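Dear colleague,

I am handing over the structure we spoke of, and below it you will find what came out of a first look. Please read the notes with the structure open beside them.

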Amino acid sequence: SLSNEELYERIATIKRELGDRLLILGHHYQQDEVVELADLRGDSYQLSQLAADSDDCRVIAFCGVHFMAETADILANRPEKLAERSGERVNVILPDMAAGCSMADMAAIEQIEDAWDELGEVIDTDDITPVTYINSAASLKAFVGRHGGIVCTSSNAKAALEWAFARRSRVMFFPDQHLGRNTSLGMDITNDQMPVWDPFASELGGNTEEALKQSKVILWKGHCSVHQMFRPEHVEMFREKHPGIKILVHPECPQDVFELADEYGSTGKIIQTVKNAPAGSKWAIGTELHLVNRLKQQHPEQEIHFLSPVVCMCATMYRIDLAHLAWSLENYRDGTPTNLIEVDDETAKWSLVALQRMLEVK
Ligand code: 13P
Ligand code: SF4
């Protein structure tokens with residue numbers, strides 16, 4: 001097998017050959033060597049914006065996970081952009097098709113449709129704005145678009161919920177119960193009873209009719225396997241051992257950790273928060289390991305710890321490596337593209353409705 005130096009050189013060669021036609025986007029959770037080769041990097045919101053605004057490129061290599069590549073395809077190939085390019089599509093490549101997101105997989109469209117129908121027997125679903133975290137399949141985003149709802153990311157979840165409540169009296173939030181709960185609790189939503197809909201429960205998602213009728217926010221039983229590993233004991237341990245330390249977490253963390261934290265934010269906001277802090281600041285950060293390690297390297301003037309004694313890394317983000325990136329880019333250059341992510345027209349049309357609302361409420 002090839003060394004990283006050789007792979008790096010092969011990718012750099014393709015970057016020179018394709019010039020502006022190629023845009024490599026990288027999420028902050030990617031490995032360092034991938035981040036180094038990315039033209040632009042960001043959190044989920046920023047990457048969506050970059051894909052939506054990409055004008056010169058004809059191929060996006062998305063170093064992230066499947067739902068992000070789908071979103072890039074929908075935004076980069078929306079009707080208005082296609083018209084500007086006389087119908088020429090932007091190809092979106094996911095270097096390893098097995099790079100999915102376990103949270104997104106917890107909300108299959110069939111489960112959502114069944115839940116919605118069942119819920120409709122108890123409360124009028126015309127009173128509910130469906131909101132989905134961007135970490136979801138395009139089919140779920142399309143469902144949300146069709147039903148007058150909105151997509152959010154971890155950086156605009158509050159604004160998205162405000163948008164939702166300005167329209168209807170209730171919200172159903174998919175698939176991350178933690179982001180949905182943490183965000184709702186920080187808002188002036190009168191009722192803090194938030195039933196969690198379990199798609200595997202035999203009836204009403206495991207809830208009583210009464211609880212559903214009284215609720216303002218219904219959560220979906222999904223979570224991020226990485227962020228749910230951070231525990232309140234970890235926060236307490238750091239506070240005890242390192243007086244003055246600040247706890248900074250991603251809102252995908254469970255409520256008990258989120259509430260103990262000093263600050264929170266999307267990966268983009270976490271990076272910004274550390275960047276703006278004075279030398280000598282002490283942090284324990286609760287988000288994916290690769291990002292925290294990169295922050296440690298970039299900020300030797302601060303003391304940065306990973307908020308868990310065990311390794312919490314996103315195994316699917318990690319699947320994207322130089323070998324897969326080189327292979328998929330070479331296939332593209334040689335006229336035999338592989339790993340293309342192409343959302344069908346009907347799904348793309350309705351997902352776009354919900355995604356455009358997301359881009360408007362920042
Ligand atoms: P952000 O990119 O919004 O910070 O979300 C993190 C994440 O888990 C992406 O899958
Ligand atoms: Fe999904 Fe969590 Fe990985 Fe993000 S970090 S891609 S939410 S599993």
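Ile-60 touches Leu-23, Leu-25, Ala-51, Ser-54, Ala-72, Ala-76, Val-90, Val-92 and Ile-93, leaving aside residues up to four places away in sequence, where contact means that C-beta atoms, placed from the backbone, lie within 7 Å. The model is predicted, so local features need pLDDT of at least 70 and side-chain atom pairs count only at pLDDT 80 or more, while totals for chains, interfaces and linings use all residues. Residues are numbered from 1 along each chain as its sequence is written, and chains are lettered from A and ligands numbered from 1 in the order in which they are written.

Ile-60 is also among the residues with the most contacts inside the largest nonpolar core, which has 106 residues, and Leu-25 is another of them. Such a core is a set of buried Ala, Val, Leu, Ile, Met, Phe, Trp, Tyr and Cys residues joined through C-beta atoms within 7 Å, buried meaning that 20 or more other C-beta atoms lie within 10 Å of a residue's own. Helix α4 (residues 66–76) gives the largest share of this core, seven residues; helices are DSSP runs of H or I with at least four residues, and strands are runs of E with at least two.

Leu-25 stands opposite Leu-40 in β2, and three bridges join the parallel strands β1 (residues 22–27) and β2. Four strands form an open sheet with parallel pairing, in the order β2-β1-β3-β4, two strands being paired if DSSP finds at least two bridges between them. The edge strands, each pairing on one side only, are β2 (40–42) and β4 (91–93).

With best wishes

Key
Buried ≥ 20, exposed ≤ 12 C-beta atoms within 10 Å, placed from the backbone. Contact = placed C-beta atoms within 7 Å.
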